[in-house]
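Open the model in your viewer and keep the sequence panel beside it.

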Amino acid sequence: MDWEAGIYPGFHIDEQDKAFRVNDALAVLEKAWTGETFSHKGEYFQFFDVKLEMLPKQKEVPTWIGTLSPRGAEFVAKVGYSIYGRSLCGEQVYFRVERNN
């Protein structure tokens with residue numbers, strides 16, 4: 001159980017779904033940051049014909065994903081986001097994996 005596990009019951013959210021919810025939210029953000037009108041019909045979030053009116057200044061928005069598991073780190077590295085986590089000795093770890101597009 002992670003540090004924030006106590007928050008899930010209050011929102012009627014299954015803790016086991018948190019990674020899938022984050023992935024769905026990231027898909028929405030990536031679409032929104034293009035500046036184009038988009039729709040998204042994910043498992044957790046649905047938006048239809050929306051457009052972000054104020055775009056980020058950066059061409060690529062720095063996005064950091066927190067993870068404590070090797071599986072989470074593999075996913076974050078695969079999609080090319082920066083990782084925030086803790087090492088096994090308790091130190092904070094920050095690193096960025098460059099996308100190979």
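Helices (H or I, at least four residues) and strands (E, at least two) are DSSP runs, numbered from the N terminus. By that rule the protein chain has 2 helices and 5 strands. Residues are numbered from 1 along each chain as its sequence is written. This is a predicted model, in which local features need pLDDT of at least 70, side-chain atom pairs count only at pLDDT 80 or more, and totals for chains, interfaces and linings use all residues; side-chain values use heavy atoms, with hydrogens and water left out.

**Whole chain.** Colour by secondary structure and trace from the N terminus: the elements run α-β-β-β-α-β-β. Then colour by pLDDT, the predictor's confidence in each residue, from 0 to 100. The mean for the protein chain is 80, and 78% of its residues reach 70 or more. Confidence is lowest in strand S5 (residues 92-96), with a mean of 55, and highest in S1, at 97.

Select residues 38-41 and 46-50, which are strands S1 and S2. The two run antiparallel and are joined by 3 bridges; strands pair if DSSP finds at least two bridges between them. A hairpin of 4 residues connects S1 to S2. Select Lys 41 to find Gln 46 of S2 opposite.

**Leu 26.** Now select residues 18-32, helix H1, and pick out Leu 26 within that helix. Is Leu 26 buried or exposed? Leu 26 has a relative accessible area of 9%, so this residue counts as buried.

Show its contacts (heavy atoms within 4.5 Å). Not counting residues up to four places away in sequence, Leu 26 touches Thr 63, Ile 65 and Tyr 81. Draw a C-alpha to C-alpha distance from Leu 26 to Ile 65: 10.0 Å, across 39 residues of sequence.

**The core.** Finally, select Leu 26, Ile 65, Val 76, Tyr 81 and Ile 83, the 5 residues of the largest nonpolar core. Such a core is a set of buried Ala, Val, Leu, Ile, Met, Phe, Trp, Tyr and Cys residues joined through side-chain atoms within 4.5 Å. In soluble globular proteins, nonpolar side chains tend to be buried together.

Methods. Buried means under 20% relative accessible area, exposed over 50%, partly exposed in between (1.4 Å probe, protein chains only).
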